[in-house]
Amino acid sequence: MSLRHYLFPFLMLTFSATCSAAATVAAAKKQTLNIQEAEFFNPKLPPRTLSSSKKFEGSSNLVNLRYHMGPVLSSSPINIYLIWYGRWSESQKLLIKDFIASISPSAAASSPSPSVSEWWKTVSLYTDQTGANVSRTLVVAKEHSDTGYSHGYHLTRLSVQQVIATAVKAAPFPVDHRNGMYLILTAHDVTVQDFCRAVCGFHYFTFPSMVGYTLPYAWIGNSGKQCPEVCAYPFAVPGYMGGGGPGALVPPNGDVGLDGMISVIAHELAELSTNPLVNAWYAGEDPTAPTEIGDLCEGLYGSGGGGGYIGQVMRDGKGRTYNMNGNKGRKFMVQWVWSPALKACAGPNAMD
Ligand SMILES: *[C@@H]1O[C@H](CO)[C@@H](O)[C@H](O)[C@H]1NC(C)=O
C-alpha cells in the first residue's frame, strides 16, 4: 500500500452551497439544535502544507467507491487494543478515550446532536457481501502503556508492527481475530517514518512473519511539537501565512496536537472498519493506493466546505471551534466521511 492515499491533501472538493445561503440556514437551525451560546461560521483557511494529486471535484459521479468483496469489522463490539507509546498525561489519555467512548450509541443519550455517534452512523452504513454492517459499537478492550519507548524514539512502518508484537506476546493483549483492532498512538517526542512529510496516521494489517497473526491496526501520532500545521490542521496553519493571513482556529479541548489527532484517529477508525484488510471499500483501481472513505472527505468539517473553506462549524462563547458533541459534555472537531447512501461526504452537523 503506498503512502499516497494517507496524505492530507489540500481539499479539492467543491460544493455549491453559498455562504449567505448557509448562514440563513444556520440561523434557522441554531434554535432547533438548541446550542445556546454557539455561533456558526465557515472560515477560509490557508491550504495545508501537504498536498496530493487526488482531485475530487465534488461531483459524486467522479468518485467510484466500490466494494471489493472483503470483510468489514461487523462483529460487535469492535474491541480496540490501545497502545500508548511513549509518555502520555492522564488528561490526554482521558480526552482520547472520551472520544472513542462517544462513538457508540450508548453515548448518544448523553451527547446532544450533532454527536460523534451520529457521525459513526455513516460508517455503519457500509456492509460486506453477507449484508453485515460495520458495528455501531467500539470499546477500548485493553490498554498497554509503553512508557519505556521499547522500540526507540523513532519508529518505522515495520517497527510499528514490532510494537504490536511485543504487546501481544507480553500478553497484556489477546490475539483477537474476531473483534479486534490494534491502535498505536505515539507521543509528541516520537518520530515515525513519513510522519509529517507524507502521513499523519495510517492503517494496515500485521503480517504473520512480524506478529504471528494478521491483525488490523492503525497508528496515529501526536503532531503537536513536530508538525501541527500539517497534521493538526485547522488548529495550526502554515507559518508562511504569518501576519495578514487567516489565523488558525481555537481547538475545542485546548490542545492543538491532541485535538488535531482526534480527527486523524476518527479518519483511521472509519477506514479501518470499512477496509480492514484493504480488500473491502475503496475507490481507485490500484489496491496499493486505495482511496478510502476518510480520504474522500479530508479537510471537510461541515456544509459549504471546499475550495479552502472547512465548512460550517460551531464556535462556542470562548471562541473554541467544534462540529460535534461527545459524552461528558466534550466537544470535538472531526472530519466528515463518505456516505454510500448520499454518495457525498456526510456529517451530523450538516445543514440540510
Ligand atoms: C446497514 O447498511 C444498510 C446499507 O447501507 C443500511 O440501509 C442500514 O440502515 C444499515 N443498518 C444499520 C443498523 O446501520
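**Briefing: sheets, helices and ligand shell**

β3 and β4 run parallel and are joined by eight bridges. Two strands pair if DSSP finds at least two bridges between them. Helices (H or I, at least four residues) and strands (E, at least two) are DSSP runs, numbered from the N terminus. This is a predicted model: local features need pLDDT of at least 70, side-chain atom pairs count only at pLDDT 80 or more, and totals for chains, interfaces and linings use all residues. Residues are numbered from 1 along each chain as its sequence is written.

**Overall**
- The protein chain has seven helices and 16 strands.
- Of its 352 residues, 50% are buried. A residue is buried if 20 or more other C-beta atoms lie within 10 Å of its own, exposed if 12 or fewer, and partly exposed in between; C-beta atoms are placed from the backbone.
- Among contacts between residues at least 6 apart in sequence, 74% join residues at least 24 apart. Two residues are in contact if their C-beta atoms, placed from the backbone, lie within 7 Å.

**Five-stranded sheet**
- This open sheet has the order β4-β3-β6-β9-β8, and its pairing is mixed.
- β4 (138-146) and β8 (201-205) are the edge strands, each pairing on one side only.
- From one strand to the next, the twist averages 20 degrees. Axes are lines fitted to C-alpha atoms, for helices over the stretch in contact, and angles run from 0 to 180 degrees between N-to-C directions.
- Strand β3 (residues 78-85) runs parallel to strand β6 (residues 180-186), with seven bridges between them.
- Trp-84 stands opposite Leu-185 in β6. Trp-84 also stands opposite Ser-145 in β4.
- Seven of the eight residues of β3 are buried, so the strand is mostly covered.

**Helices on the sheet**
- α7 lies across β3, β6, β8 and β9 (216-221). α7 runs at about 165 degrees to β9.

**Helix pair α2 and α7**
- Two packed helices are described by the angle between their axes and the distance between the axes.
- Helix α2 (residues 90-103) packs against helix α7 (residues 256-274) at an angle of about 35 degrees, and their axes are 11 Å apart.
- The crossing of α2 and α7 is right-handed. A crossing is left-handed if the near helix is turned anticlockwise from the far one by less than a right angle, and right-handed if clockwise.
- α2 contributes Gln-92, Leu-95, Ile-96 and Phe-99 to the contact, and α7 contributes Leu-258, Ile-262 and Ile-265.
- The contact residues divide into six nonpolar, one polar and no charged. Ala, Val, Leu, Ile, Met, Phe, Trp, Tyr, Cys and Pro count as nonpolar, Asp, Glu, Lys and Arg as charged, and the others, Gly among them, as polar.

**Helix α3**
- Helix α3 (residues 116-123) is largely enclosed by the rest of the structure, because six of its eight residues are buried.
- The buried residues of α3 are Val-116, Ser-117, Trp-119, Trp-120, Thr-122 and Val-123.
- Their cover includes α2, α7, β13 (324-325), β14 (331-332), β15 (337-339) and β16 (344-346).

**Ligand shell**
- Around the ligand are Ser-124, Leu-125, Thr-127, Asn-133, Pro-340 and Ala-341. A residue is near a molecule or strand if its C-beta atom, placed from the backbone, lies within 6 Å of it.
- The shell residues divide into three nonpolar, three polar and no charged.

**Three-stranded sheet**
- A further open sheet has the order β1-β11-β12, with antiparallel pairing.
- Its edge strands are β1 (39-41) and β12 (321-322), each pairing on one side only.
- Strand β11 (residues 313-315) and β12 run antiparallel, joined by two bridges.
- Met-314 stands opposite Tyr-322 in β12.

**Val-168**
- Val-168 is found in helix α4 (residues 157-169).
- Val-168 is buried because 22 other C-beta atoms lie within 10 Å.
- Leaving aside neighbours within four places in sequence, Val-168 is in contact with Phe-173, Val-175 and Val-211.
- Val-168 and Val-211 are 43 residues apart along the chain, and their C-alpha atoms are separated by 8.0 Å.
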